[in-house]
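Please look over the sequence and the structure shown here before reading on.

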Amino acid sequence: MLKQAFSLTITGLAFIFAPLSAHAANFNYNYLEVRVSGGPESIGSEFSMSVVDNFHVLGHADTQMDNDWDLAAGIGFNGPVTQFADVFGAMLLHQIKRPRDEGGESDTLGEINIGARLWIGEQLEVYGKLGKLDEHSVVSFGARFHSTDQLSLNMGFDNNGLWGPRTVLGVRYEY
């Protein structure tokens, strides 16, 4: 019951916030990102591509380099809230292979999330995301420094619902 209520709430917020404003927040949803994390250590990449206004497709691949992986793909929405803020969200389907020390089992799980991005300076953005992956919480927040129009660096904290909390460093190429 709680799981259905959470999913319905996120979906409702997506429909409410996406078309709220005609202001452009100037966030790009066309990117390729490469990231590393610590505690537990992992590497990964993420790809997003806008299909039409306020709608994008995305996917990611992450591994702890222990014959494991987390592959995910899905659809996302994004929409401006103000001139300096955006709301976004996604529904993803994960194909997961657990590390050997956890049994090495495979699983397919669904994720739903919602988040926000906010410009706090000319080149500095902060972001946050909340969601659910099966019965586990997904939490992510951090800051991204846009050194050029195409390249940005980010540092954040992430709990992807699988590996626990970790620090993430990333490089994002926007096209």
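This is a predicted model: local features need pLDDT of at least 70, side-chain atom pairs count only at pLDDT 80 or more; totals for chains, interfaces and linings use all residues.

What follows is a short briefing, arranged by topic.

- Strand β2, made of residues 42-52, pairs with β3 in the antiparallel sense, and nine bridges are found between them.
- The hairpin of β2 and β3 has two residues between the strands, and within this hairpin Asn54 takes a positive phi near 65 degrees.
- On its other pairing, β3 runs antiparallel to β4, to which eight bridges join it.
- The hairpin formed by β3 and β4 has five residues between the strands, and Met65, which lies in the turn, has a positive phi of about 60 degrees.

**Gln64 in the loop**

- Gln64 belongs to the loop between β3, which covers residues 55-63, and β4, which covers residues 69-82.
- Because its relative accessibility is 19%, and buried means under 20%, Gln64 counts as buried.
- Leaving aside residues up to four places away in sequence, Gln64 touches Pro40, Glu41, Ser42, Pro99 and Trp163.
- Gln64 and Trp163 are 99 residues apart along the chain, yet their C-alpha atoms are separated by 9.0 Å.

**The largest nonpolar core**

- Trp163, which is touched by Gln64, is also one of the six residues of the largest nonpolar core, the others being Ile96, Leu109, Leu133, Val138 and Leu162.
- Leu109, another member of this core, touches Leu92, Leu93, His94, Ile96, Arg98, Leu133 and Asp134 when residues up to four places away in sequence are not counted.
- Among these contacts of Leu109 are Ile96 and Leu133, which are themselves listed in the core.

**The nonpolar patch on the surface**

- A nonpolar patch on the surface is formed by Val36, Ile43, Met65, Leu130, Val139, Phe141, Met155, Phe157 and Leu169, which together have about 820 Å² of accessible area.
- The elements that give two or more residues to this patch are β8, covering residues 136-146, and β9, covering residues 151-159.
- Phe157, a member of the patch, is found in strand β9, and Phe157 counts as partly exposed because its relative accessible area is 38%, which falls between the 20% and 50% limits.

How values were computed:
Residues are numbered from 1 along each chain as its sequence is written. Side-chain values use heavy atoms; hydrogens and water are left out. Helices (H or I, at least four residues) and strands (E, at least two) are DSSP runs, numbered from the N terminus. Buried means under 20% relative accessible area, exposed over 50%, partly exposed in between (1.4 Å probe, protein chains only). Contact means heavy atoms within 4.5 Å. A nonpolar core is a set of buried Ala, Val, Leu, Ile, Met, Phe, Trp, Tyr and Cys residues joined through side-chain atoms within 4.5 Å. Patches are made of residues with over 30% relative accessible area and no salt bridge: like charges are joined within 9 Å, nonpolar side chains (Val, Leu, Ile, Met, Phe, Trp, Tyr) within 5 Å. Accessible areas come from the Shrake-Rupley method with a 1.4 Å probe; for residues, only the protein chains shown count as cover. A salt bridge is a side-chain nitrogen of Lys or Arg within 4 Å of a carboxyl oxygen of Asp or Glu. Two strands pair if DSSP finds at least two bridges between them.
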